[in-house]
Amino acid sequence: AADLRPTPGHVNYANLNLTNISLDGGFYWLGAGHYKVAVKKFTFDEMHAGVHVDQGSTTFEADQHWALHDTLPDEGRPEVSFIRFDELRVRQGRTDVRFDVLFWNEEYRSLFRSNAPKRYQFTIRPSTVDFASVNYFTAEDLPVVGLARLQGTITGNPDRLRCRDLRADYGQHTHIEADVRLQDYLRGDSLFIQARLKGACSEGNELHALLPTSDLPNELRRLGRVCVTGGYTGVVRDFVADARFDTDLGTVITDLNFKRVQGQPVFYEGRLQTEGFDLDALFGTEASRRLSLDAHLYCRCLTLADADTRLDFSSSRSLFKSYVIDSMRGNLRIANRDIQGALQIIDPQGSFDGRIDINLSKGTPSYFFLGDLQRIDLNHYGLYPDTLLLSTIFNLNVAGDSLDNLSGTIRCFEVALRDLERTRDYT
């Protein structure tokens, strides 16, 4: 880590200032060229970072021949050399981390060389981490704040880390259980992450508190409690995530590729599925719409207000204002709260095939539809007191936020009405 460039508010690894150093230990000669160093207690402070280290015990074992000869005898040679730290405790501010550490490699002579292949094992006892401390020891600030509680087992070397049964808790409702692999973990811009979530839960308000500087959508708060299982592979600015989200509003299943370029919106592409998802609770409207969707989307940005999205989709058994629609499919472009594209609806109560333009950017929504209606049951949709089937080619251009206050024009061509009760047809 000594090659990291010091930045304001970060530790300078090249000029550590260690004070209040105390050591209590011993050296033991075990015979046959084998010895052991045991430290009962070791403490020190780092002045600039305000770090205090308490270490309960250390064991270092090796064969003397490893240090004295290039050609080593086969007899009596230990399989590995190692240093073990037990009950190690590191404190800085509100951060209090307790763990055991094991360093081992195949050659004692390389154990203290910076470029030697080494492996580490950390067993993290229940600990508390302040993300302000994490930022102090990394080259690039992470966008997270607050306190997290950690425990788990980590193995690795100076380039890679592998975490097993890692658990992190934040606030009252947020927790993560995962297996994680990190590569280039000391380089924020090239950090590679491969993670498999065994279980994770949170809720919108805590995510906003955890990531206050990130551009998270307000709709996230309305999801309520969110539980996630799935995986993540990639770097911070380019990654693939597949996950199942069970929320208070319904279930979402994703397999998405996210990309972000500095100064530009987030771009994501992939598959999106929903199961009975409550759209109106998500967007804060009063209608009743639950959507079961299977879609492939291409989108820029994370908020509805400035979303630029292309959506190829199909849905089945979706609820709109108490009406169940058997099947919908289409391809839409959503930009600046304006939805345009082709739409096909197939339902026992009628079908539609045409183009739409729904503009939600103004105070009053406007709707434009041009297409072919087939056997629409006007009674089913509350538009006529008796069963009356309508087929027509139509052009609708209206504005309003409900059926009670719509205004605009409807032009119909080749109109056909069928009155099933009176068995009459009108054209």
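Q: Which residues does Phe 313 touch, leaving out those up to four places away in sequence?
A: This is a predicted model. In it, Phe 313 touches Leu 293, Asp 294, Ala 295, Met 328, Arg 329, Gly 330, Asn 331, Leu 332 and Leu 343.

Q: Which residues touch the most other members of the largest nonpolar core?
A: Phe 313 and Phe 352 do. That core holds 44 residues.

Q: What lies apart from it?
A: Another core, of eleven residues. Ile 124, Ala 178, Leu 182 and Ile 193 are among them.

Q: Switching to strands. How do β19 and β20 run, and how many bridges join them?
A: They run antiparallel, with nine bridges between them. Strand β19 covers residues 350–359, and β20 covers residues 366–377.

Q: Which residue in β20 is the bridge partner of Arg 355?
A: Leu 370.

Q: And how many bridges join β20 to β21?
A: Ten. These two strands are antiparallel as well. Strand β21 spans residues 388–399.

Q: Which residue in β21 does Leu 373 stand opposite?
A: Thr 392.

Q: Where do side chains point in a regular strand?
A: They alternate between the two faces of the sheet.

Q: New topic: charges. How many salt bridges are there in the whole structure?
A: A search finds 14.

Q: What is the N to O distance for Lys 259 and Asp 238?
A: Their side chains meet at 3.0 Å. The pair links distant parts of the chain, 21 residues apart. Lys 259 is in strand β13 (residues 250–259), while Asp 238 is in strand β12.

Q: Is that Lys 259 buried, exposed or partly exposed?
A: Partly exposed, with a relative accessible area of 35%. Asp 238 also counts as partly exposed, at 32%.

Q: Which residue forms a salt bridge with Asp 242?
A: Arg 196. The closest N and O atoms are 3.5 Å apart.

Q: What is the relative accessibility of Asp 242?
A: It is 29%, so Asp 242 counts as partly exposed. Arg 196 is partly exposed too, with a relative accessible area of 44%.

Q: What about Arg 89 and Asp 96: how far is N to O there?
A: 2.7 Å, in a salt bridge between their side chains. Arg 89 counts as partly exposed, at 22% relative accessibility.

Key: Residues numbered from 1 in each chain as written. Predicted model: local features only at pLDDT ≥ 70, side-chain atom pairs only at ≥ 80, totals over all residues. Heavy atoms only, no water. Pairing = 2+ DSSP bridges. Helix = DSSP H or I, 4+ residues; strand = E, 2+ residues; numbered from the N terminus. Core = buried A, V, L, I, M, F, W, Y, C linked by side-chain atoms within 4.5 Å. Buried < 20%, exposed > 50% of the residue type's maximum accessible area, 1.4 Å probe, protein only. Contact = heavy atoms within 4.5 Å. Salt bridge = Lys/Arg side-chain N within 4 Å of Asp/Glu carboxyl O.
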